[in-house]
Amino acid sequence: MSAQSKTAVSPTRKRSLKQKIARVRAEGGFAAALMLAPSVFLLLVTSVYPFLWVFRYVAYDYNGMTSYYVGAHNFTRMLQDATFWESVLHTFEYAALKVVFIIPLALIMAVLMSRKIMGSGIFRGIYFMPTIISAAVSSMVFTFIFAAYNGVLNAVLRAAGLISQNINWLGDENVAMWSVIIVAIWGGFGNYMIYFMSGMSSISNDVYESARIDGANGMQIFWKITLPMLSPMLKIILMLAITGAFKDYESIMVLTQGGPNNRTQVMFLYIYQLIFGTNVKNPQIGYGTVLSLMAAVIVGAVTGIYLLLARKLDDVM
Amino acid sequence: MVKRDTAVYSRQAKFVRGLLFVFMLVVALLTLYPIIYVFFGSFKENKELLVGGVNIFPETFVIQNYIDAWEQADFATYTKNSLFLGITIMLFSLILSSMAGYVFARKKFRGKELIYGLFVAFMFINVGSVSLRPLFELAIGLHMNTSLWSVVLISAGGGQATSIFLVRGYMNTIPKELDEAAKIDGCTFFQTFYMILLPVLKPILATVALLSFRGGWNEYILPLVFTMTTPEQRPLTVGVNMLKNAGDGAAAWNIMFAGATIAIVPMLLIYICSSRYFIEGLTAGAVKG
């Protein structure tokens with residue numbers, strides 16, 4: 001607009017604008033804009049818009065059809081919602097257990113792969129295989145494996161004489177979280193193993209060789225060389241593992257739907273059920289947006305604290 | 001190299017290596033077990049499945065489960081829908097990420113850092129499933145809520161950042177002299193991309209294709225939400241789980257086993273033929289991200 005009005009006044013400006021356009025065209029500026037446009041458009045529609053939308057219903061009770069203003073009620077309701085805070089605790093429990101098991105296992109397997117024992121290429125392919133399969137489908141397969149009466153896991157354990165009574169893997173409050181963790185480890189350790197392997201491949205072979213010449217054994221090499229040299233990469237992988245674990249809910253949705261008695265309810269699953277669940281008559285979307293923001297804040301805080309701790313460790317070491 | 005190494009190892013070291021091999025084998029068998037279990041289980045008769053037991057192989061191989069799943073339980077439709085999602089999401093990802101990756105790697109313009117930063121930021125900003133609600137309402141407004149195309153656009157849009165980074169990272173390793181030579185020969189900005197760089201990008205595009213096909217084929221919560229009222233649009237992931245939630249699910253274990261196998265095996269075959277690209281894509285993404 002302003003360029004147009006200016007060009008009307010002075011013809012020299014007009015020429016320079018034309019020249020500008022010609023130059024941009026010659027350099028492919030318009031082509032570049034057209035080529036980037038679809039991606040930017042989809043980013044705006046599928047990521048930015050939903051994020052901004054969330055704030056719109058924060059102070060409303062909204063069931064998908066009608067909405068009315070409720071002020072801070074959603075927030076006070078959250079503070080009193082025991083199920084939500086339990087689900088937050090379960091999220092921490094799930095994430096902690098998953099990371100504590102999956103990271104050492106992935107690291108051990110990565111170290112073993114690097115020793116080039118017979119068939120390690122095939123093993124690597126097998127360990128990574130679960131990440132190729134839909135979590136929803138593999139979790140469904142696990143519900144058959146875990147089935148209390150005719151599940152194969154109980155059958156195997158009974159045949160081996162390890163248990164005398166069937167364990168209700170997904171229906172017993174004391175066991176269900178462990179079952180969920182087992183599936184999470186099965187589905188994810190190959191992924192982190194590959195991360196570790198790519199980190200280890202950047203450690204120079206010379207370092208290992210000189211250590212071996214100095215008489216270091218495998219354990220010493222691992223603790224004194226591999227682990228310290230891997231630590232920058234380890235920090236990134238740990239962060240990915242922690243934030244990833246906080247966002248998991250697809251597999252739990254299929255395995256237990258948060259049950260039994262909310263024992264495996266994690267925050268993102270609880271929010272999903274509030275908004276899309278079939279077991280609630282009225283979707284509680286306004287309340288769901290408040291919980292979603294709280295969940296995002298929790299994940300953000302965990303990431304922040306982790307980064308802070310990781311930096312502190314750097315100073316100490 | 002490896003052979004010479006083993007010759008040097010002492011007997012004790014050999015023993016340790018043997019132990020480690022057994023450990024790796026056990027982990028591999030545990031990893032494979034659920035897949036083997038469901039594959040061979042899908043050929044069992046329903047009554048054998050319902051009784052349970054430790055047998056991996058069926059007493060009698062029956063193919064009837066697949067016929068029933070295909071004809072009565074609509075798995076032909078589910079498979080068609082899964083293929084549609086996998087292929088279209090793959091095509092969208094290829095087109096979007098190759099073009100955007102090229103522009104980000106090769107074009108200087110004002111605001112580039114800002115747009116790029118927006119892509120990065122929204123990889124980390126995550127409000128979870130609530131974001132599906134506005135998209136669902138938007139789809140209703142556009143009369144696209146019963147079309148799988150909305151699933152395609154949302155899935156491709158949500159997953160494009162990773163693919164763009166992969167393409168951009170790979171593009172940065174290609175010498176710029178190639179572009180300049182093309183330009184001197186009279187190629188426009190787009191022709192340089194289409195005729196010169198696209199063929200060079202083949203390896204990374206193969207990775208993007210595989211990762212995005214996997215993403216589309218395995219998508220679950222998104223199509224679940226969008227096909228609540230349209231069973232004929234459901235992909236395998238949703239269809240097979242719906243069958244399980246359908247109440248008297250115990251009766252249809254055989255069909256669910258067959259359905260799960262149909263959902264798993266094609267992806268597995270693709271993986272076996274091209275695991276290198278999957279793993280390279282993952283490591284390249286990890287280093288860049």
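What pLDDT does chain B average, and what share of the residues score at least 70? Chain B averages 87, and 93% of the residues score at least 70; pLDDT is the predictor's confidence in each residue, from 0 to 100. This is a predicted model, in which local features need pLDDT of at least 70 and side-chain atom pairs count only at pLDDT 80 or more, while totals for chains, interfaces and linings use all residues. Residues are numbered from 1 along each chain as its sequence is written, and chains are lettered from A and ligands numbered from 1 in the order in which they are written.

**Confidence**

- For the complex, the predictor gives an ipTM of 0.88 and a pTM of 0.88.
- Within chain B, the lowest confidence falls in helix α1 (residues 2-8), with a mean of 48, and the highest in helix α5 (residues 75-106), at 95. Helices (H or I, at least four residues) and strands (E, at least two) are DSSP runs, numbered from the N terminus.
- Residues 1-6 of chain B have a pLDDT below 50, and this stretch has one contact in the model beyond near neighbours in sequence. Two residues are in contact if their C-beta atoms, placed from the backbone, lie within 7 Å.
- Where pLDDT is low, the predicted coordinates should not be read in detail.

**Contact between chains A and B**

- Chain A contributes 67 residues to the contact and chain B contributes 70 residues.
- Helix α3 (residues 29-56) of chain A supplies 19 residues, the largest share of the side of chain A that touches chain B.
- That side of chain A divides into 50 nonpolar, 14 polar and three charged residues. Ala, Val, Leu, Ile, Met, Phe, Trp, Tyr, Cys and Pro count as nonpolar, Asp, Glu, Lys and Arg as charged, and the others, Gly among them, as polar.

**Helix pair in chain A**

- The axes of helix α9 (residues 176-200) of chain A and helix α11 (residues 218-247) of chain A come within 9 Å and cross at roughly 145 degrees. Axes are lines fitted to C-alpha atoms, for helices over the stretch in contact, and angles run from 0 to 180 degrees between N-to-C directions.
- Y192(A), Y195(A), F196(A), G199(A) and M200(A) of α9(A) meet T226(A), L230(A), M233(A), I237(A) and A241(A) of α11(A).
- This contact has eight nonpolar, two polar and no charged residues.

- F92(B) lies in helix α5 of chain B and counts as buried because it has 22 C-beta neighbours inside 10 Å. A residue is buried if 20 or more other C-beta atoms lie within 10 Å of its own, exposed if 12 or fewer, and partly exposed in between; C-beta atoms are placed from the backbone.
- Not counting residues up to four places away in sequence, F92(B) touches V152(B) and A156(B).
- F92(B) and A209(B) are 117 residues apart in sequence and 9.6 Å apart in space, C-alpha to C-alpha.
- In helix α11 (residues 202-218) of chain B, 14 of the 17 residues are buried.

**Backbone details in loops**

- A cis peptide bond, with omega of about -10 degrees, joins G259(A) and P260(A). P260(A) is in the loop between α12 (250-255) and α13 (267-276) of chain A.
- Q257(A), found in the loop between α12 and α13 of chain A, has a positive phi near 50 degrees. Q257(A) is partly exposed, with 18 other C-beta atoms within 10 Å.
- H143(B) has a positive phi near 55 degrees and sits in the loop between α7 (132-141) and α8 (148-172) of chain B. With 9 other C-beta atoms within 10 Å, H143(B) is exposed.

How values were computed. Expected span 1.5 Å × (residues − 1).
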